[in-house]
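I opened the model to look up its sheet, its core and a few single residues. My notes follow the display.

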Amino acid sequence: MHHMSFDTPNLVSLDYSDYALCHYPQVNLESLVEARLDICISRNIERPDVSGLIKGIGTVETLHLSPDSVDVISLCVRHGLLLPVFKNLVNLSFGSKKNKRGWKLLPKLLMQSPKLETLIIQRLDGYKRNVTMLPCIPSEGVACSWLSRNCSRVEKLEEFIGEN
């Protein structure tokens with residue numbers, strides 16, 4: 001099976017773990033409040049497309065993305081996926097592998113999350129690179145706003161990552 005649909009408009013919580021598929025033709029999750037995604041790349045699917053799934057979870061308040069999910073979404077963004085505005089998202093749990101793809105996705109997610117209050121970054125164990133927090137550029141809108149409201153938290157993250 002290379003596609004999956006979710007037609008569950010009353011579902012409030014989704015815990016989805018699978019290989020990223022070619023297509024998510026129908027994703028009707030109108031009542032979804034919380035989503036946990038753990039999707040990974042399969043050798044059997046040349047170019048997964050999670051755009052339907054990502055748009056379908058656009059109303060969540062809490063989103064947990066595993067490192068594999070972040071990797072898949074990053075690849076899809078690189079191939080043209082436009083992230084929706086997560087207009088209700090207040091809690092984001094974000095995992096990233098030891099590559100730059102995930103870290104490039106984070107600012108894009110922040111820009112699409114105007115109500116974000118809590119950001120949890122997981123799986124920093126073994127991360128050895130230097131991290132530089134760039135000054136906020138006004139044209140980056142939401143991400144700039146989020147970073148300026150949470151500056152002390154960002155600095156603490158920078159210190160924590162820099163110690164490895």
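The entries below go from the sheet to the core and then to single residues.

**Ground rules.** I am working on a predicted model, where local features need pLDDT of at least 70, side-chain atom pairs count only at pLDDT 80 or more, and totals for chains, interfaces and linings use all residues. Numbering starts from 1 along each chain as its sequence is written, and side-chain values use heavy atoms, with hydrogens and water left out.

**Sheet.** I traced an open sheet of 5 strands in the order β2-β4-β5-β6-β7, with parallel pairing. Its edge strands are β2 and β7 (118-122), and each pairs on one side only. The twist averages 10° from one strand to the next. Strands and helices are DSSP runs (strands E, at least two residues; helices H or I, at least four), numbered from the N terminus. Two strands pair if DSSP finds at least two bridges between them. For β5 and β6, which run parallel, I found 4 bridges. Leu65 stands opposite Phe94 in β6.

**Helices on the sheet.** α2 packs on the sheet and touches β4, β5 and β6. Its direction makes about 75° with that of β4. I then checked α3, which lies across β5, β6 and β7 and runs at about 170° to β6. Axes are lines fitted to C-alpha atoms, for helices over the stretch in contact; angles run from 0 to 180 degrees between N-to-C directions.

**Core.** Which residues touch the most other members of the largest nonpolar core? Of its 38 residues, they are Tyr16, Val50, Ile54, Ile57, Leu63 and Ile73. Elements that each supply at least two residues of this core include α1 (51-56), α2 (67-78) and α3 (100-111). Such a core is a set of buried Ala, Val, Leu, Ile, Met, Phe, Trp, Tyr and Cys residues joined through side-chain atoms within 4.5 Å. Contact means heavy atoms within 4.5 Å. Leaving aside neighbours within four places in sequence, Ile57 is in contact with Leu29, Leu32, Ala35, Leu37, Leu63 and Phe86.

**Ser74.** This residue lies in helix α2. Is Ser74 buried or exposed? Ser74 counts as buried because its relative accessibility is 8%, and the cut-offs are under 20% for buried, over 50% for exposed and partly exposed in between (1.4 Å probe, protein chains only). A polar atom of the Ser74 side chain lies 2.7 Å from the backbone oxygen of Val70.

**Ser93.** I placed Ser93 in strand β6. Ser93 is buried, at 3% relative accessible area. Its C-alpha atom is 6.0 Å from that of Leu65, 28 residues apart along the chain.

Terms used
Polar contact = N/O pair within 3.5 Å; in protein donor to acceptor, adjacent residues only side chain to side chain.
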